Amino acid sequence: MTELVFLKLGGSLITDKRRPGVFRRRLTRRLAREVREALKNRPDLQLVLGHGAGSFGHIVAHKYHVQTGVTNWMGYAETSAMANHLNRLVAGIFLTEGVPVVSVQPSASAQATAGRLVSMAEWPVEELLRHGLVPLVYGDVALDTEWGTTIISTEMIFAYLARALHPSRIILAGEVNGVFTSDPNKDPRAQPIPEISRANAAQVIQVLSGSHGVDVTGGMASKVMLMLALVRELGDLRVALLSGIHPGRVRAALLGEPVRGTVIHP
């Protein structure tokens, strides 16, 4: 029996979010090899892969306020081009390393309303999985019925697809090792939060800070709130947040092995 897992490679992981257009090519290649090894060791594993826009998309989007509507439509076009450019870089590396990724452009079918993703084509992702391929989605621009334009994060896309495809797990690999009481890149006193559920959700959300670098999709707090709402809705879903900086952790997580980080459950 197959297991479907969603894996996101965060923009803070595969790019330097503090510097425009800096792609971490060597690190992404290592991550691609970890994914390839996991798929080889688990023939029953189906994977939907996603990645964030990082410094390729967020900085341009922030400049033109694409996330909340834009009067300069060139800003929408430039943000779209940067997101696509990063996706081509990621896809090229994964294909070179033997992972059969096929890019699925979210903005080609996505419709948003007031910043919320309300529809997107699911059939291409389902069909690619049926043929043993790895659909590759990414944080992208979207047309919005109220705002004109917005940004749809990979987490938003995962949440939308999860309702149709029902993955057992979502893995969010970023630069830091899960969720902390404050930004561990800035605060040496930051403490890890190994588990988030209904019991401590309100407390966790209060202490979360924004992301490290420019992020027009709301940073860590919005990711946690979105994933917490999703696991409550779907019931049997588990979400893991971990660091992809440490070699082997993404591979171990895909294989279902214990990995340090944060787990979100109902």
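## Basis

In this predicted model, local features need pLDDT of at least 70 and side-chain atom pairs count only at pLDDT 80 or more, while totals for chains, interfaces and linings use all residues. Residues are numbered from 1 along each chain as its sequence is written, and side-chain values use heavy atoms, with hydrogens and water left out.

## The sheet

An open sheet of mixed pairing is formed by 8 strands in the order β3-β6-β2-β1-β9-β13-β14-β12. Helices (H or I, at least four residues) and strands (E, at least two) are DSSP runs numbered from the N terminus; two strands pair if DSSP finds at least two bridges between them. Because β3 and β12 (195-196) stand at the edges with a single partner strand each, one side of each is left without a neighbour in the sheet.

Strands β1 and β2 pair in the parallel sense over 7 bridges, and F6 stands opposite V48 in β2. Helix α6 packs on the sheet, touching β1, β2, β6 and β9 (169-174), and its direction makes about 170° with that of β1. Contact means heavy atoms within 4.5 Å; axes are lines fitted to C-alpha atoms, for helices over the stretch in contact, and angles run from 0 to 180 degrees between N-to-C directions. Helix α4 (residues 73-96) lies across β1, β2, β3 and β6, running at about 155° to β6.

## Helix α5

In α5 (residues 123-130), V125, L128 and L129 are buried (under 20% relative accessible area; exposed is over 50%, partly exposed in between; 1.4 Å probe, protein chains only). These buried residues fall within an arc of 100° seen down the helix axis, so they line one face of α5; the arc is that of the directions from the helix axis to the C-beta atoms. On the other side of α5, W123 and R130 are exposed.

The cover over the buried residues of α5 includes β1 (3-9), β2 (45-51), β3 (101-103), β6 (134-138) and α6 (154-165). After α5 comes G132, with a positive phi near 80°.
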